[in-house]
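Morning, everyone. Please have a look at it first.

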Amino acid sequence: MSLPVLPSRSETVILRQHRYHVRHWGADGAPCLFMLHGWMDSSATFQFLVDALGGGWHVIAPDWRGFGDSEWNRDSYYFPDYLADLDALLQHYAPDAPVTLIGHSMGAMIAGLYAGVRPERLARLVCVEGFGLAATRPEEAPGRYARWLREQHNTLGYQPLGTLDEVAARLIERNPRLDAARAHFLAAALTQERDGALCYRADPRHKMVNPVLYRLEEAKACWRRIVCPVLWVIGGDMWDHPMAKGVFATLDERRACFARLSEVTVPEAGHMIQWEQPEKLAEALRPFLTA
């Protein structure tokens with residue numbers, strides 16, 4: 001496996017009074033793809049997928065608020081903010097034309113809801129390992145709110161990460177198909193030095209419980225309003241992710257919400273498909289993106 005070949009460039013834009021870091025690959029006039037990363041990830045780690053897709057695209061990938069090099073919140077994080085941030089991002093870069101969104105995990109969940117709320121803004125949607133969360137019950141709300149209140153009084157932080165070599169080793173342990181070169185690239189992209197120690201390039205407040213329950217029926221109502229073609233991409237090791245069991249048991253009812261759905265499974269890949277099998281992922285995406 002080779003290291004990255006296509007250079008990226010960074011830009012800082014203000015979206016909803018919030019400083020956002022946005023990464024670009026390719027020429028401004030090329031067909032545009034928006035890539036949306038998942039929880040505890042960043043735009044930089046799409047590098048392998050961008051390389052595998054090859055030139056000819058203008059890829060725009062933000063770091064979500066509180067991740068990568070984008071500004072942190074001063075308080076908790078709420079999912080609707082990401083919908084509004086995406087709306088502002090698209091208004092900034094593509095105000096007049098429907099767009100193609102490629103989201104992974106949390107990024108795919110944001111993109112899927114947005115595609116139903118703003119169906120006229122989407123030309124194509126790719127959801128990579130992001131088909132919603134496990135359904136919750138109203139009875140869970142008191143305990144969730146109580147935990148969130150307790151966490152308001154805690155000083156949140158991360159455990160010491162050690163060295164980049166140690167971070168890379170942990171990434172390989174979690175994603176065994178990563179080679180050493182890619183693991184070290186990811187380790188550097190996901191961490192930074194802060195106060196003399198290596199730490200994640202993300203706000204520790206993301207560790208706080210979300211006080212708002214995930215409501216599957218609301219997500220399904222949004223998905224039913226999507227009018228563009230949708231591609232689901234699933235890793236062959238479908239039980240790789242700890243949340244998968246509560247989602248994959250109800251995949252059929254989720255599938256039924258999409259009017260124009262196609263699906264592909266990438267073999268020998270876990271949840272982080274774009275890390276472990278970017279070439280196979282690019283092969284799966286290419287006919288959908290050029291249809």
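Let me begin with helix α3, whose buried residues pack against β3 (32-36), α2, β5 (99-104), β6 (122-128) and α7 (216-223). Keep in mind that this is a predicted model.

How many of the twelve residues of α3 are buried? Eleven are, so the helix is mostly covered. The buried ones are Met106, Gly107, Ala108, Met109, Ile110, Ala111, Gly112, Leu113, Tyr114, Ala115 and Gly116.

Now a check on length. At 1.5 Å a residue, the twelve residues of α3 should span 16 Å. The C-alpha atoms at its ends are 17 Å apart, which agrees.

Next, two of the partners, starting with α2. Helix α2 covers residues 79-93 and helix α3 covers residues 106-117; they pack at about 75 degrees, and their axes are 10 Å apart. Because angles of 65 to 115 degrees count as roughly perpendicular, α2 is roughly perpendicular to α3. On the α2 side, the contact is made by Phe79, Tyr82, Leu83, Leu86, Asp87 and Leu90. On the α3 side, they meet Met106, Met109, Ile110, Ala111, Leu113 and Tyr114. By type, the residues of this contact are eleven nonpolar, one charged and no polar.

The other partner is α7. Here the angle is about 55 degrees and the axes are 7 Å apart. The two helices, α3 and α7, are therefore oblique to each other. Gly112, Leu113, Gly116 and Val117 from α3 meet Ala219, Cys222 and Trp223 from α7. Of the residues in the contact of α3 with α7, five are nonpolar, two are polar and none is charged.

Which residues touch the most other members of the largest nonpolar core? They are Trp64, Leu86, Leu101, Leu125 and Trp223, out of 47 residues. The element that gives the most to this core is α3, with eight residues.

Take Trp64 as an example. Setting aside neighbours within four places in sequence, Trp64 is in contact with Tyr20, Leu36, His37, Ser70, Tyr82, Leu86, Met106, Gly107 and Ile110. Two of those names, Tyr82 and Leu86, came up on the α2 side of its contact with α3.

There is also a second, separate core of 23 residues, which includes Val128, Ala269, Leu285 and Phe288.

Key: Residues numbered from 1 in each chain as written. Predicted model: local features only at pLDDT ≥ 70, side-chain atom pairs only at ≥ 80, totals over all residues. Heavy atoms only, no water. Axes fitted to C-alpha atoms, helices over the stretch in contact; angles between N-to-C directions. Helix = DSSP H or I, 4+ residues; strand = E, 2+ residues; numbered from the N terminus. Parallel < 35°, antiparallel > 145°, perpendicular 65-115°, else oblique. Contact = heavy atoms within 4.5 Å. Nonpolar A, V, L, I, M, F, W, Y, C, P; charged D, E, K, R; others polar. Core = buried A, V, L, I, M, F, W, Y, C linked by side-chain atoms within 4.5 Å. Buried < 20%, exposed > 50% of the residue type's maximum accessible area, 1.4 Å probe, protein only. Expected span 1.5 Å × (residues − 1).
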